[in-house]
Amino acid sequence: MMKPLLLWSDSLILLLLAALAALLWLARHNEALRGHWRQVMRSRVGRVTALILSLYIGIGLLDSAHYVERLPAAPGQPAPFSGEVRSALDWLLTPIRVSVEKTYSAPLAERLYAKESVMGPDGVERRDYPRLLHPGAHWFGTDKVGQDVLYLSLKSIRTGLLIGSLTTLVMLPFALGLGISAGYFGGRVDDIIQYLYTTLNSIPGVLLIAAAVLVVQVQIEAHAELFNTAAARSDVRLLALCGILGVTGWTGLARLLRAESLKLRELEFVLAARAFGVGHGRILLRHLLPNVMHLVLITVVLDFSGLVLAEAVLSYVGVGVDPGMISFGNMINGARLELAREPVVWWQLAASFLFMFVLVLAANLFADQVRVALDPKSRGRA
Amino acid sequence: MNGLVVENLRIEIPVSGRTLVPVDGVSFRVGTNECVALLGESGCGKSMTALALMRLLPEGARIATGHVRLAEEELFALPEAAMVAVRGGRLAMIFQEPQSSLNPVMTVAGQIAEALAAHLGLQGAAAQAETVRLLEAVGLTRGHITAYPFQLSGGQRQRALIAMMLAGEPELLIADEPTTALDVTVQAQILALLRSLQRQRGMGLLLITHDLDVARDMADRVAVMYAGQIVEWASRDRLYSTPSHPYTQKLFAVLPRLERRGQRLDSLPGRVPPPDSVFTGCRFAERCPAAFGRCHEEIPAFQEAAPGHYVRCHLATSGEPRGASGERQVASGEPRVASGERQVASGEPRVASGETILEVLDLTVHFPIRRGLFRRTVGSFKAVDGVSLSLQAGETLALVGESGCGKSTLARAILRLIEPTGGSVAVAGEALAGLNGEALRRKRAEMQIVFQDPYASLNPRMRIGDILEEGMAALLPLAAAPRRARVKALLDQVGLPLDAAGRYPHEFSGGQRQRIAIARALAVQPKLLILDEPTSALDVSVQAQILDLLADLQEAHGLAYLFITHNLPVVAYLAQRVAVMRAGRIVEEGPVEQILTAPRHEYTRLLLDSAPGHCAPDEP
C-alpha cells in the first residue's frame, strides 16, 4: 500500500510540465518552430544529445513521483504511513538501493576496501578484506556507509536538474527584463538598473546566500507542522536555494544583454519600427529579444554547470542543500575527505564527474544545435 | 622592366568540395611613376587582387597560379621572412577605414616611428626628425606628433596612415578605396595628396576604387574588373572616350547626371555571377545587351582592340558594324526605346501638385553636453540649428551636406524619433509638436523613412512578410488576409519575387534589401518619404535601379521625397530643389539647376569643386 505525496518541488515540476505542454499545444501548427525542431533533429549531434537529455529528464521525472508506504498496522489502529519518502525511481532501483554494504568498496569489487577482522574457514581470526554481501554488483562502488554510488548518482540527477532549471527560471525574467530595458531605454532606467546590479554584485554572493538560507531554516523550524518529513524539509531548502541563487545570479547575463541592446537599439530596424509607432513592449519583444537569444542560450547553458557546481561549493560551506539530500554537491563535498585518505577513494568523485560531464556536454551541444537552427543565416547551409 | 607586373593571377578558395575563384587570370602592370586604377563593383575581386599582391590573403584563400614581379623580383617566390621586408617597405598599402587601420592606444607619430625602425632602422632623434618630415609631407603639422588617432579627423587619420606607409619609401603604393569613408571635400584633398606624392616620389600607385569619377581624376591607365577578370584595360583618355566592353559602357550609362534628369537611367539587369560558377562563354553574357550566340559558347580572349586598349569581348575586334553601332548607342547614354514612359517628362521637373506635405519652421535639436560627477549640463551641441523647409506633394527636395552636418538628426527630428528642442514641424497641415499617443501614432502613417544601410535596417530574425506587415499591423486597420494580399502587392511594386515574403533578409543582396526597406515604408501609404542616403551603400548599377524605382513610385503615388545625400550627381538627377546644410544650418536653398550651376554660397561652391570627375589630373 502506498500513498502519493506531492512535495513543493514536485508541484512546481508539474506546473512546469503543464506550461510546457500548453506551449507545445499552442505552437503545434507553427511551421517556423517545427522547421527549427526538424533542423535540430536532422543533425546526428542534435539527435544524440536530445536522447541523452531526455534520459536525464526522464530519470529526474521518475524521481519526482514521490510516495510514502503504509506500514503494517498495529491491531485496532489505522495503519500509519512510513516517514520515509520514496520515489518511482527508488522503486525501480530497489535492487541496488537495498544492496547496502558495510562501507567503501571499489567499483565491481568482490571484497570490501577496508580490512576487518574476519573469521577464516579454519576458525582463526585474521585481518583481511571481507567479501561483499553483493560482490560485483556495484558498478561505481559504494560510499562510506555502503550505499551504491550508481544509485546515488542517479538520485543526484533530479537535484542537479532542479537547481539548474529552477534557478534559470527565476533568473531569466530579471536578466532579460532588466538587461534589455536598461540597454534600450537608457537614461534614468539604465541608471537605476545599473545601480541595482552593481549593488548586488558588490555583496559577496556566499554571504548573501548563507544569510538567506539561514533565514529559511528559521522559518522551517517555526512552521515545523508544515514540513513533517525530512524529505519535505530538505525539499523546501532546495527551493529556497534555487530562489536565492536566481535572485543573485542574473547580473552577469543582464550586463551582457544591456551591452548588446545598447548596440541594437541604434540599428535602423529599431528606428524603423519606432517610425511605425510600434510600442516599446513590442519592440523589446520582436526586435531586441530574438536578436539577443543566442547570448541567452549560451550563457544559460554555461551557467547550468556553474550552478550545479555552486551547489557543491555551498554544501562545503554548509549552506547548500540539506546534508541528507542526495546531490552531486554533497557527493563532491564528501569526496574531499575521501581524496585525503589513504588509500584514495576516487569513485564517488569520478561517478559524479562522469554524470555531470555527460549532462553538461549534452546540454552544451544541444544548445549549440538550437542556436544554429534559430539563426536564419545558417539555414540551408550543410 | 621596372614597376609591378602581375601575370595570370588566379586565387582559389576551397569551400566544402567546391572551389570559389574570386580572381581568375588577372594580368596588368603598374609602371614607375604611374597610377593605375583597378575599377569594379563590389565582389569583382579587386580587393582580393590587392591582398594577393601583398601576400596577405585571408585564411583559406590561396594563390593558384600567377606571377607578381616588383622590379624584376618574383614576389611569390620569396620566403616569408623576405616578404616581411617587402611588405610596408617596397610595397605599401592603405586601406579604406582609417579608423581601424591605426592602433588607437599609440600616438600616430609612434606608429610612424615603428615603421621607420622596421624598414630604415632609424632610432631616436633621427627617427623623430624623419617622422616630422613625413607628417609635414602629408599635410599634418609638427604639433600632431603627440596626437592619438581619436584626436584626429577622418581625413587626418588617412593622412597619418599615408605617412606611415611612406616611411618605408615604397616603390608601389596600393590604395584600397582610400577615400570611400570620407566626405567629398576631404576626399578631394586626400586624392590630391596621393597624386602629388606619387609624382614627387616617382612611385607607382595602384588605386582600387568603385568610383568612375575618382578613377578618371587619378589614373593614367584603368583596368575594369568584372567577376574576377579584367574585362577592359586602356589608358584613361581612351577608356573614357571610347569604352569598348559592354560592361564598361553600361557602367557609364547607369550614372545619374544632371543631363539625364527626367530620363530613365539605363539599367543593368541581373547579378554578378557567383565565384563558383563554371563559364562556357563570356562572364558578362547573361547581362549583356549586345550578347549573341558566340558569347554563350566561346570564352572571349583578351584582345587588343586598338594599340594599348585591350578588351575581353568578341565584338572588340570582329569589326562588325552591327555590334559596334549597337554598343555605341548604349554608350552614348541616350534613352533607350524601352524607357520611353518617362521621356514625356524629360527635361522639365515633374510638376508638384501644390499641396504642402511638409512644413518645417525654425527647427532646432540641441544635445546637452554633460560634465562632472553630477552630470551637470554645461552647454549644448546644436546638431540642428534653426532649419526651415517646405515640401510639396510629388516633389523631391535634396538635403545635401557632409557627415556631421546634422542632416540625419534633422530627418529623425522631423519624424519625432528624436524630440526637437524647438521649432515646429507640420505634416499635411497638422503640427506634430502637440501630438501624443494615439494621434501621433496615426500621423506616423503619413511619414516614413528609408535608411542608408540595407544591412542594419532589416531585422535579421524576421521574415520579409513579417517585416512588411509590421507597420500595417501597427498603423492600418486591416485584417490578416488583406494584409497578406497587400504584402504581395508591395513586393510586386518594388520588383521582388512573391516568394520573398517567406524568406529572411540575409538571403537578399543589398539592392534587394533596399527595395524591401522601401516597400516597408510604402506599406502604410505615406505622403512623405524621407530617404536617408538610400543608395550610398550600393553599387552604381544597383543605385540606378533604386533611383528608377523611386522615380516610378513618386509618379504613381505623388509622394513627396526628402532626399538626404552627399552625392551631387544623384541630386542633379533626381531632385527639383536642393538645400545645402552645414553645421546644423541650411546655407543655401534653391532649384537644382541654379544651385549646381550657379551656386552663391562659398560652401556650395567648395562641395561642387570637390566632387570628383571634372577636374583635370594635371591640376595640383
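Student: Okay, which way do β18(B) and strand β19 of chain B pair, parallel or antiparallel, and over how many bridges?
Tutor: They pair in the parallel sense, over four bridges. Strand β19 covers residues 528-532 of chain B. Keep in mind that this is a predicted model.

Student: Got it. What stands opposite V450(B)?
Tutor: That's L531(B), which sits in β19(B).

Student: And are the faces of β18(B) covered or open?
Tutor: Both faces are covered. On one side you have M447(B) and I449(B), on the other Q448(B) and V450(B), and all of them are buried.

Student: Switching topic: how many residues does each chain put into the contact?
Tutor: Chain B gives 27 residues and chain A gives 22 residues. The area buried between the two chains is about 2400 Å², and carbon and sulfur atoms give 58% of that.

Student: Which residues in chain B lose the most area to chain A?
Tutor: Look for L417(B), R461(B) and E470(B). Together they make up 29% of what that side buries.

Student: How many salt bridges are there between chain B and chain A, and how many residue pairs in polar contact?
Tutor: The salt bridge count is zero. For polar contacts, there are twelve residue pairs, counting those with both residues at pLDDT 80 or more.

Student: Which elements of chain B give two or more residues to the side that touches chain A?
Tutor: Those are β18 (447-450), α16 (464-475) and α18 (510-522). The largest share is five residues, and it comes from α16(B).

Student: New topic: what's the strand order in the open sheet of four strands in chain B?
Tutor: The order is β2-β1-β4-β5, with antiparallel pairing. The edge strands are β2 (18-30) and β5 (73-74), and each pairs on one side only.

Student: How many bridges join β1 to β4?
Tutor: Seven, linking residues 4-15 with residues 62-70 of chain B. To spot the pairing on screen, find R10(B), which stands opposite T65(B) in β4(B).

Key. Residues numbered from 1 in each chain as written. Chains lettered and ligands numbered in written order. Predicted model: local features only at pLDDT ≥ 70, side-chain atom pairs only at ≥ 80, totals over all residues. Heavy atoms only, no water. Contact = heavy atoms within 4.5 Å. Buried area = accessible area lost by both parts, 1.4 Å probe. Salt bridge = Lys/Arg side-chain N within 4 Å of Asp/Glu carboxyl O. Polar contact = N/O pair within 3.5 Å; in protein donor to acceptor, adjacent residues only side chain to side chain. Pairing = 2+ DSSP bridges. Buried < 20%, exposed > 50% of the residue type's maximum accessible area, 1.4 Å probe, protein only.
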